[in-house]
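Hi,

Here is the structure I said I would pass on. Have a look at it first, and my notes follow below.

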Amino acid sequence: MTTTTKRKTPTCKPVTGTVRLARACDATGHHGCVYINRYCYLLETLQDGGFRLMRVKDGAVVTYQLPADLRGCDCNDSKYRRRLCKHALSLAALRAAGKIA
């Protein structure tokens, strides 16, 4: 007699955290500075209206690209878990507060 067991699908914790805009991007091309969960990211507004976030992690620069509608990101959380990540949710919160365009 064989028994089949159903595997539980692993659940991931919901995205939570804090975001703070330390310095906004300006028209002269200077980068902004955003703190997401106490980590500092350089913020760059792209010509197509999207955003680029850059952070130094383990001695290397990590870059995340987000489209203008903030519906995704190229980070692992967004790609593999197919959900909105902390980067997209943080920038969406800043946009809703009127701090970024």
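Leu53 stands opposite Tyr64, which belongs to strand S5. Keep in mind that this is a predicted model. The two strands around that spot are S4, covering residues 51-57, and S5, covering 60-66. They run antiparallel, and seven bridges join them.

Zooming out, S4 and S5 are part of an open sheet of five strands, in the order S1-S2-S3-S4-S5, with antiparallel pairing. In general, the strands of a sheet pair through backbone hydrogen bonds. Which strands sit at the edges here? Those are S1 (19-23) and S5, and each of them pairs on one side only. On average, neighbouring strands of the sheet are turned by 30° against each other, direction ignored.

The other thing to look at is the largest pocket, which holds about 400 Å³ of space. Its lining is made up of 18 residues, and the closest to the centre are Cys75, Asp77, Arg81, Lys86 and His87.

Where does the lining come from? Strands S3 (39-45) and S4 each supply at least two residues, as do helix H1 (76-81) and helix H2 (86-96). H1 gives the largest share, three residues.

Happy browsing!

Terms used. Residues numbered from 1 in each chain as written. Predicted model: local features only at pLDDT ≥ 70, side-chain atom pairs only at ≥ 80, totals over all residues. Heavy atoms only, no water. Pairing = 2+ DSSP bridges. Helix = DSSP H or I, 4+ residues; strand = E, 2+ residues; numbered from the N terminus. Axes fitted to C-alpha atoms, helices over the stretch in contact; angles between N-to-C directions. 1 Å grid on protein atoms, 1.4 Å probe; cavity = no way out; pocket = protein on both sides within 12 Å on 5 of 7 lines; lining within 4 Å. Points joined across faces, edges and corners; volume = space filled by probe spheres on them.
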